[in-house]
Amino acid sequence: PVHEVRLGTVKASIWENTYGENTRHTVTFLRSYKDKEGDQWKETHSFGRDDLPKLALVAQKAYEWIFTSAAE
């Protein structure tokens with residue numbers, strides 16, 4: 001990723017793809033959690049109800065980063 005935005009256990013990874021003179025960005029979202037034993041971190045693409053406000057904020061911050069970096 002060219003940039004990451006994290007808020008607690010929610011993360012957005014921003015990827016940059018260049019095709020000729022065109023640059024496009026894509027974003028993937030992950031949530032980290034500990035397994036049942038609580039000793040190993042894992043990642044998932046699923047989000048619970050209480051994760052959604054964090055997801056929305058992380059998505060907004062990713063959008064802002066892409067928008068400002070594309071203007072440079």
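## A tour of the salt bridges

Select D51 and R31: they form a salt bridge, with their closest N and O atoms 3.3 Å apart. This pair links distant parts of the chain, 20 residues apart. D51 sits in the loop between strand 4 (41–44) and helix 1 (52–70). R31 lies in strand 3 (residues 22–34). Helices (H or I, at least four residues) and strands (E, at least two) are DSSP runs, numbered from the N terminus. Here, a salt bridge is a side-chain nitrogen of Lys or Arg within 4 Å of a carboxyl oxygen of Asp or Glu.

You are viewing a predicted model, in which local features need pLDDT of at least 70, side-chain atom pairs count only at pLDDT 80 or more, and totals for chains, interfaces and linings use all residues. Residues are numbered from 1 along each chain as its sequence is written, and side-chain values use heavy atoms, with hydrogens and water left out.

Stay on the first pair. Are D51 and R31 buried or exposed? Both are buried (under 20% relative accessible area; exposed is over 50%, partly exposed in between; 1.4 Å probe, protein chains only).

Next, select R49 and D50. Their side chains meet in a salt bridge, 3.0 Å from N to O. R49 and D50 are both exposed.

Now select K11 and E4. Their side chains form a salt bridge at 3.8 Å, N to O. K11 counts as buried because its relative accessibility is 12%. E4 has 40%, so E4 counts as partly exposed.

E4, K11 and E43 are linked in a network of salt bridges.

How many salt bridges are there by this rule? The count comes to five.
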